[in-house]
Amino acid sequence: MKEISVKLGVVFLIAVIFLSINVGVKKDETIKGTETKEKKEEKEEKAVQVAVTIDNNVNYIDLDDYLLGVVAGEMPAKFETEALKAQVVASRTFVYNRNLSVDNTTNSQVYLTEDKMRENWGDKYDEYHQKIVAAINDTNDEVMKYEGKYITAMFFSSSNGYTENVEDYFDSSALPYLRSVDCHWDLSIDPTNSRSKTFTKQELKEKFNCDSLDFNIIAYKKSGRVGTLSVGGKNYSGRKVREILGLASSCFTIKYENGKYTFNTLGSGHGVGMSQYGAQGMALEGASYKEILNHFYTNVEIVNN
């Protein structure tokens, strides 16, 4: 009887040890599984990177860090928070539309490094940095789409009072979300909305490669920008004239005085998409970033990516 009791005790002890080991293994597996899941989630969070070509070198930058540098480079950080949020969503959409591959020029989006932000902002660095980071976080993962596809979220500095239809400036088909809309705010809040550049006759003859300077604006766009300008019998688009002369915009008039020609312009940039000063004007009037985006990009959906 005693022998049986001893044997039962041994069996019980072995069972307890086995169960303890088994529970420990399962617990260890659970811990490992949790760690694997956490690492996987962490990896997924860090997965979105933008390939930014800077000085012919490709740099891979986390999307949120890229957006911070882009908004810092593209829009005054002193602007209203809702205007900054609108810029964040536009910039995020723009880079997704380019398949997360861009360069660091005005052909894509201007990106500022940490050192450049510190240099530009000085003692305002902490304030502006936190302000833009908050705008990025508050619009986390939001993009604009049209019929399920990322839109070409173009933007520019300031208008002549109206934005431009995309096909009226670029060699492009008409797009339903890049239409000319009212943007009267620019005329009053942009301190450099009106600019001028003066040229001598000889300078203009060289730039247009002609002997006669019989300027004649023969067509305007609906937005008020120059459509076609005749110079010395040859026709140029308003965009081409802007590029040849380095004008702020293609909305210009020409004045001849004292042997020189002065081109007076309104606005700054191509005029297509969102006006940044227009966004600021709307924000100052209490508009939300979504209201701003829906004004400048017609018929779009603002969705989580």
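This is a predicted model: local features need pLDDT of at least 70, side-chain atom pairs count only at pLDDT 80 or more; totals for chains, interfaces and linings use all residues.

Reader: Got it. Back to Met-274: which residues have the most contacts inside the largest nonpolar core?

Author: Met-274 is one of them, along with Tyr-66, Met-144, Ile-292, Leu-293, Phe-296 and Tyr-297. That core has 59 residues. A nonpolar core is a set of buried Ala, Val, Leu, Ile, Met, Phe, Trp, Tyr and Cys residues joined through side-chain atoms within 4.5 Å. Buried means under 20% relative accessible area, exposed means over 50%, and partly exposed is in between (1.4 Å probe, protein chains only).

Reader: Which helices and strands supply at least two residues of this core?

Author: Strand 1 (49-54), helix 2 (63-74), helix 3 (81-97), helix 4 (114-121), helix 5 (125-138), strand 4 (142-146), helix 9 (276-284) and helix 10 (289-296). Helix 3 gives the most, with nine residues. Helices (H or I, at least four residues) and strands (E, at least two) are DSSP runs, numbered from the N terminus.

Reader: What's in the second core?

Author: That one is separate and has 16 residues, including Leu-213, Tyr-236, Val-241 and Leu-245.

Reader: How about the whole protein? How many helices and strands are there?

Author: There are 10 helices and 14 strands. Of the 305 residues, 41% are buried. Among contacts between residues at least 6 apart in sequence, 63% join residues at least 24 apart.

Reader: New topic: rings. How many aromatic pairs does the structure hold?

Author: It holds 14. Rings of Phe, Tyr and Trp (its six-membered ring) pair if their centres lie within 6.5 Å; planes under 30 degrees apart count as stacked, over 60 as edge-to-face and the rest as tilted. Tyr-169 and Phe-170 make an edge-to-face pair, 4.9 Å centre to centre with 75° between the planes.

Reader: Is Tyr-169 buried or exposed?

Author: Tyr-169 counts as buried because its relative accessibility is 8%. Phe-170, at 22% relative accessible area, is partly exposed. Another edge-to-face pair is Phe-208 with Phe-215, at 6.1 Å centre to centre and 75° between the planes. Both Phe-208 and Phe-215 are buried.

Reader: What lies over the face of Tyr-150?

Author: Lys-145 does, at 4.9 Å from the ring centre. A charge sits over a ring if NZ of Lys or CZ of Arg is within 6 Å of the ring centre and within 35 degrees of the ring normal.

Reader: Where does Lys-145 stand in the strand pairing?

Author: Lys-145 stands opposite Glu-301 in strand 14. Strand 4 and strand 14 (residues 301-304) run antiparallel and are joined by four bridges. Two strands pair if DSSP finds at least two bridges between them. Strand 4 also runs antiparallel to strand 5 (residues 149-150), with two bridges, and Tyr-146 has Lys-149 as its bridge partner there.

Reader: How many of strand 4's residues are buried?

Author: Four of its five, which leaves the strand mostly covered.

Reader: And what's up with Glu-147 in that hairpin?

Author: The hairpin has two residues between strand 4 and strand 5, and Glu-147 takes a positive phi near 50°. Glu-147 counts as exposed because its relative accessibility is 67%. Asn-99 has a positive phi too, near 60°, and is found in the loop between helix 3 and strand 3 (101-103). With a relative accessible area of 66%, Asn-99 is exposed.

Note on methods. Residues are numbered from 1 along each chain as its sequence is written. Side-chain values use heavy atoms; hydrogens and water are left out. Contact means heavy atoms within 4.5 Å.
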